[in-house]
Amino acid sequence: MSNTEDLALASRCALFDDRKAFARLVDKYQPGIKRFFLNLTLGDRMQSDDLAQETFIKVYYHIKSFKGLSGFSTWLYRIAYNIYFDAVRANKQTGYCDLKQAESITACANTSADDKIDIFQSLNILREDERTAILLFYMEDMSINKIAAIMNCPNGTVKSHLSRGKVKLGAFLKHEGYGK
Amino acid sequence: MENNKLTDSELSSFFQKRKQLEKHDPIFTWRVIKRLPPYIPVKYVSSMIFMTCAAAILLIFGLKFDIFLHEITMLLVDHHIHSEQILVLFVVLISTFTFLLLQAIKTLNE
């Protein structure tokens with residue numbers, strides 16, 4: 001389904017309150033949004049499902065404000081990003097650490113095989129914004145421009161989030177034995 | 001610090017290997033749709049208005065139908081409209097009304 005079709009479906013939702021068109025949009029984007037939340041919440045499937053539902057409900061209520069200037073997926077992920085950060089702010093759980101902590105975590109790490117390195121453990125060492133940028137870039141294959149639009153920040157900020165995230169992940173993964 | 005850096009391809013490979021293939025879940029979609037406000041289509045509202053008006057008209061004229069029939073016949077006769085024409089007019093009116101009523105019921109059932 002192309003962006004034009006997304007736009008057509010969104011227009012049907014906005015103009016005629018077409019539930020079938022909305023269901024098609026939910027069907028199309030639910031796997032990506034659920035995966036995005038699953039990784040952001042470090043594997044909390046119940047919370048990620050709840051957040052995904054909240055996202056689509058919010059999309060429904062605000063679909064008239066979608067002007068089609070950006071792609072529908074960019075707009076959708078931006079809502080998802082805001083919902084996640086609202087949830088984080090609501091129950092402040094800072095699960096990240098700085099680079100020194102990332103390196104120290106690995107002090108007791110065993111040298112397991114590449115495949116055994118847990119993605120959620122790896123993501124846990126990142127700050128929320130670094131995690132978001134890294135996930136959108138590597139997991140959802142989005143461009144820096146698109147990530148900047150989603151995170152509502154300049155391209156340079158996204159690049160620095162990615163760079164810091166890569167260094168932290170690199171430290172963690174190397175010590176975990178990744179690539180050996 | 002430099003030693004800690006992983007290349008883009010190494011990181012891509014790490015994430016792609018761990019990319020959870022979330023399946024399309026129809027129950028999830030159903031849950032989302034269920035949480036939306038009740039759906040009130042325009043055609044439903046218009047059908048309801050039409051049905052209410054039709055019921056009101058039937059009630060008003062049904063109660064005094066013989067008077068109404070007499071009055072309308074007299075009116076038509078006064079205007080030199082013959083009884084055959086009155087009959088045709090009534091048939092057309094009743095047919096139109098029945099058609100509209102059936103359409104409204106059909107719309108309600110959709």
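**Notes on the model**

1. From the N terminus on, chain A runs α-α-α-α-α-α-α-α-α. That is nine helices and zero strands, where helices (H or I, at least four residues) and strands (E, at least two) are DSSP runs numbered from the N terminus. The model is predicted: local features need pLDDT of at least 70 and side-chain atom pairs count only at pLDDT 80 or more, while totals for chains, interfaces and linings use all residues. Residues are numbered from 1 along each chain as its sequence is written, chains are lettered from A and ligands numbered from 1 in the order in which they are written, and side-chain values use heavy atoms, with hydrogens and water left out.

2. Of the 180 residues in chain A, 54% are buried (under 20% relative accessible area, 1.4 Å probe, protein chains only). Among contacts in chain A (heavy atoms within 4.5 Å) with a separation of 6 or more, 68% are between residues 24 or more positions apart. Chain A exposes about 8300 Å², and carbon and sulfur atoms supply 52% of that area (Shrake-Rupley method, 1.4 Å probe).

3. Chain B has five helices and zero strands, in the order α-α-α-α-α from the N terminus on. Buried residues are 16% of its 110 residues. Its accessible surface comes to about 8600 Å², with 71% belonging to carbon and sulfur atoms.

4. The contact between the chains takes 46 residues from chain A and 31 residues from chain B. Together the two chains bury about 3700 Å², 60% of it on carbon and sulfur atoms; this is the accessible area (1.4 Å probe) that two parts lose on being put together, summed over both.

5. Two salt bridges cross the interface of chain A and chain B (a side-chain nitrogen of Lys or Arg within 4 Å of a carboxyl oxygen of Asp or Glu). One of them joins the side chains of A:E54 and B:R35, at 2.8 Å, N to O.

6. Which helices of chain A each supply at least two residues of the side that touches chain B? They are α2 (19-40), α3 (45-62), α5 (99-105), α6 (119-124), α7 (128-139) and α9 (155-176). The largest share, 11 residues, comes from α2(A). By class, the side of chain A that touches chain B has 25 nonpolar, six polar and 15 charged residues (Ala, Val, Leu, Ile, Met, Phe, Trp, Tyr, Cys and Pro count as nonpolar, Asp, Glu, Lys and Arg as charged, and the others, Gly among them, as polar).

Technical notes:
Buried < 20%, exposed > 50% of the residue type's maximum accessible area, 1.4 Å probe, protein only.
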